[in-house]
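The sequence and structure come first.

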Amino acid sequence: MAESADVQASKGSRKAEGRPRKSSSASRTKEKPDDRVAGIRITHPDRMLFGERGIRKIDLARYYAAAAPRLLEHAGGHPVSLIRCPQGDIAHCFFQKHASEGFPREIAEIPIEEASGKTEDYMVVNSAAGLAAAVQMGTIEFHIWGSAARRLETPNRMIFDLDPDTSVGFSKVRDAALELRDMLAAAGLKSLAMVTGGKGVHVVVPLVPRAQWPDVKAFAKALADKLADEYPDRYVATMSKAKREGRIFIDWLRNERGATAVAPYSVRARSNAPVAAPVTWEELQRLESANGFFIDDMAARLNAPDPWQDAKKWRQSLTRKVLETVAR
Ligand code: ATP
Ligand code: MN
């Protein structure tokens with residue numbers, strides 16, 4: 001996937017107030033009231049995005065409107081990157097990190113100073129209208145930072161991305177997630193599981209935004225190293241592709257300022273429109289794959305109790321005591 005949209009965006013000062021912004025709801029052409037989702041007019045509503053499931057652009061927009069309350073609980077207020085496939089073809093998508101000229105006003109922008117010292121405008125979505133406006137622009141996937149725009153330097157979640165080598169079956173990934181959960185619990189941290197809609201599982205640790213990025217990253221690395229040291233035949237904690245053969249890569253590198261991970265409830269730009277789905281730990285143990293939930297399954301899940309319900313009450317952070325459990 002190319003980063004073309006970032007490059008195409010004009011450089012220099014792009015202050016949000018200073019430049020004209022399009023309202024995506026403005027329209028001069030004929031429209032049917034049904035083409036509006038969360039107040040946003042969806043053009044080419046019948047464009048087929050996932051032909052194998054009969055899922056059109058309008059269906060995707062409606063899915064996101066329905067998922068908005070759950071999705072925004074995690075992604076709202078966070079800098080967000082988009083995977084856009086504006087040609088309506090999942091073979092031609094690009095990953096967009098920065099806002100570009102003429103974006104709809106439903107997608108907020110915030111300037112962020114990047115590691116290089118350069119400041120760029122990032123996107124923030126806070127409403128169902130923002131999600132629908134993104135779909136209108138061809139967005140299929142939403143990826144988020146681990147920190148909110150208001151507290152950029154202190155992440156509110158730590159994440160472990162379990163990436164199995166192609167030869168590793170899902171039952172091993174499940175076991176790895178449980179092992180990681182237990183190791184986190186031993187350190188005093190509760191965690192959540194999400195199947196990505198791809199091949200792996202994300203183990204998510206909600207945090208009170210107190211520790212800074214370098215500390216969260218160091219802790220995540222230490223934990224991944226510990227697991228890989230204990231079971232070198234099953235896990236690796238380094239990026240090296242060669243060492244990954246037959247193993248699961250415990251990717252702790254998502255815990256870096258500017259790194260993103262797919263948002264809970266995001267659809268994936270992969271065939272059949274799988275969804276990155278939060279699950280309970282009990283449910284995970286019964287799943288046969290990481291891509292078993294599709295847009296069509298989600299209405300029932302969204303109407304059922306939130307699998308991550310309990311976490312709303314958690315108040316945990318990387319205290320000295322937590323850090324010591326891994327240092328030892
Ligand atoms: P799986 O379970 O299949 O591994 P995943 O969501 O963990 O699913 P990917 O979709 O491969 O894995 O994404 C890996 C990470 O890299 C994601 O966290 C995503 O935010 C990020 N990412 C994806 N595409 C790009 C890109 N073009 N540029 C920068 N980061 C990207
Ligand atoms: Mn992954």
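On a 1 Å grid over the protein atoms alone, a cavity is a set of points where a 1.4 Å probe fits but cannot get out, and lining residues have an atom within 4 Å of a point. The model is predicted, with local features needing pLDDT of at least 70 and side-chain atom pairs pLDDT 80 or more, while totals for chains, interfaces and linings use all residues. Residues are numbered from 1 along each chain as its sequence is written, chains are lettered from A and ligands numbered from 1 in the order in which they are written, and side-chain values use heavy atoms, without hydrogens and water.

The second largest cavity is lined by Ile144, Trp145, Gly146, Arg157, Ile159, Arg254, Ala259, Thr260 and Ala261. Its volume, the space filled by probe spheres set on the points, is about 40 Å³. The largest cavity holds about 50 Å³, and its lining includes Arg47, Lys57 and Cys85.

| Residue | Part in contact | Distance to an oxygen atom of ligand 1 |
|---|---|---|
| Thr196 | side chain | 2.5 Å |
| Arg254 | side chain | 3.4 Å |
| Thr260 | backbone | 2.6 Å |

The protein covers 76% of the 630 Å² of accessible area (Shrake-Rupley method, 1.4 Å probe) that ligand 1 has on its own. Around ligand 1 are 16 residues, near meaning a heavy atom within 4 Å; His143 and Gly200 are among the closest.

Definitions and conventions. Polar contact = N/O pair within 3.5 Å; in protein donor to acceptor, adjacent residues only side chain to side chain. 1 Å grid on protein atoms, 1.4 Å probe; cavity = no way out; pocket = protein on both sides within 12 Å on 5 of 7 lines; lining within 4 Å.
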